[in-house]
Amino acid sequence: MADDEKARLYKRLTTTWNEFEVLARLRHNGFWPAGVGIPQDPPKELKERATLTKELASLRASQLAVKDPEKALSEERTRRFKASLERRKAARARRLADEKTRRERWLKARKDSVVNLGEGVSAGLQDVSCDKAQLQARGLPVLGDAVALAGALGVKLSVLRWLTFHRRGATLVHYHRYAIPKKTGGQRAISAPRRKLAGCQCWVLTQVLEKLHAEPPAHGFVRHRSVVTNATPHVGRRVVVNLDLRDFFPSVTFRRVKGLFRKVGYGEQVATVLALLCTEPPRVPVTFDDKRFYVALGQRVLPQGASTSPAITNALCRRLDRRLQGLARRHGFTYTRYADDLTFSGDEPPRVGRLLKSVKAVVVDEGFQVHPTKTRVMRSTRRQEVTGVVVNHRVGVPRDELRALRATLHNCARHGLQSQNREHHADFAAHLRGKVSWVCMVDPARGPALRAALERALASP
């Protein structure tokens with residue numbers, strides 16, 4: 001059937017036939033069941049139809065009653081304009097109320113939780129879970145989120161956020177930076193935390209890090225261990241080998257520190273905050289528009305000067321210590337470590353070359369580097385020294401240092417303290433006490449005579 005024929009048929013049906021005739025034709029052709037009438041219109045449609053009919057009647061009545069169409073049109077426009085203003089006013093009020101609610105919700109969430117701590121360090125802050133069983137087994141405080149951590153530290157959450165927020169360019173930093181001369185020459189950069197941060201780091205050290213046991217070869221910054229315990233295993237050996245790890249603290253990055261806290265059982269949020277408390281990027285001061293900024297030169301690392309840095313390295317170096325201790329035993333050597341100083345000693349000098357090659361490979365595999373110019377191989381025919389302690393026959397202080405100290409104390413007693421303060425120490429008396437205490441710790445037998453000499457020196461005018 002052509003389209004024009006369909007159109008004619010449709011027009012005929014809609015203009016000449018009523019619904020009963022159409023229904024009869026459908027039944028005759030088998031398209032509609034016999035005995036089934038026309039279905040009722042849906043109630044919703046009936047209701048809408050009645051409403052439209054009523055509105056149409058109202059419009060027809062008002063149209064008949066209008067005597068001035070132009071005036072009626074103007075009034076209708078005014079009515080619609082006012083209605084539009086009211087709708088916009090109501091919508092604006094709802095929008096402002098929604099914005100206020102969202103802001104209050106955000107401020108409450110910001111007050112009660114940590115949602116952002118800076119670029120590159122905020123991933124996973126929504127995770128507030130922790131391994132409670134593991135933390136309790138290690139004797140560590142159970143902390144589920146930053147709010148609990150702030151309470152344990154004794155600071156407000158806003159203060160904790162201020163101490164840990166990471167910025168590439170900051171106008172205020174939480175560290176004093178200065179340099180001290182190295183024993184081997186050059187300058188050592190020190191980053192000492194300010195009072196508020198230092199207090200938080202002290203809590204982390206005593207409550208968390210000191211409960212993470214170090215390996216037996218580690219002697220640096222471990223309770224009941226010292227340079228003396230580090231040197232004692234190497235007394236009387238035919239060869240002593242000393243290596244130094246290059247950029248020891250700067251080699252430990254924020255991610256490694258965060259991974260340490262995650263490994264002991266803390267969740268992502270607490271581990272992130274703890275890692276931010278214990279790390280800081282190296283910075284340089286820059287002046288821009290008469291304003292001073294401290295710009296980060298790289299990623300966050302362990303600062304040399306924070307109380308937490310040595311304990312963190314001891315915990316991170318546990319596998320390094322176990323591997324080097326096993327390596328030393330295979331070669332017939334003894335191994336100890338004091339911070340970044342690695343010491344090996346044994347009675348088989350020909351094996352030193354193979355030992356050093358294996359040690360360097362293990363150190364690199366653990367994410368560190370051996371300083372190329374600070375490896376020393378000391379035979380028994382010369383002075384063997386481990387972390388400033390002589391170990392040839394017994395633990396002792398180097399003879400030249402002891403003689404120099406005795407001479408200083410003698411001259412102080414004769415000519416006064418300031419006559420010997422050639423290096424311009426701010427508290428020369430405290431400096432002398434420290435040197436005497438050092439000798440007494442290493443060689444207690446020399447203690448009485450040195451203490452008597454020190455008293456005479458301090459009593460001089």
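R300 and E280 form a salt bridge, with 3.7 Å between the closest N and O atoms; the term asks for a side-chain nitrogen of Lys or Arg within 4 Å of a carboxyl oxygen of Asp or Glu. R300 sits in the loop between strand 6 (291-296) and helix 12, and E280 in the loop between helix 11 (268-278) and strand 5, so the pair ties together parts 20 residues apart in sequence. Helices (H or I, at least four residues) and strands (E, at least two) are DSSP runs, numbered from the N terminus. R300 is buried at 5% relative accessible area, and E280 is buried too, at 9%. Here buried means under 20%, exposed over 50%, and partly exposed in between (1.4 Å probe, protein chains only).

A word on the ground rules: this is a predicted model, where local features need pLDDT of at least 70 and side-chain atom pairs 80 or more, while totals for chains, interfaces and linings use all residues. Residues are numbered from 1 along each chain as its sequence is written, and side-chain values use heavy atoms, leaving out hydrogens and water.

The structure holds 20 salt bridges. Take R323 and D365, at 2.7 Å between the closest N and O atoms: R323 is in helix 13 and D365 in helix 14 (residues 352-365), 42 residues apart. R323 is partly exposed, at 33%. R80 and E76 pair up as well (2.9 Å, N to O), and they are four residues apart in helix 4 (residues 69-112), about one helical turn. R80 is exposed at 54%, whereas E76 is partly exposed at 28%.
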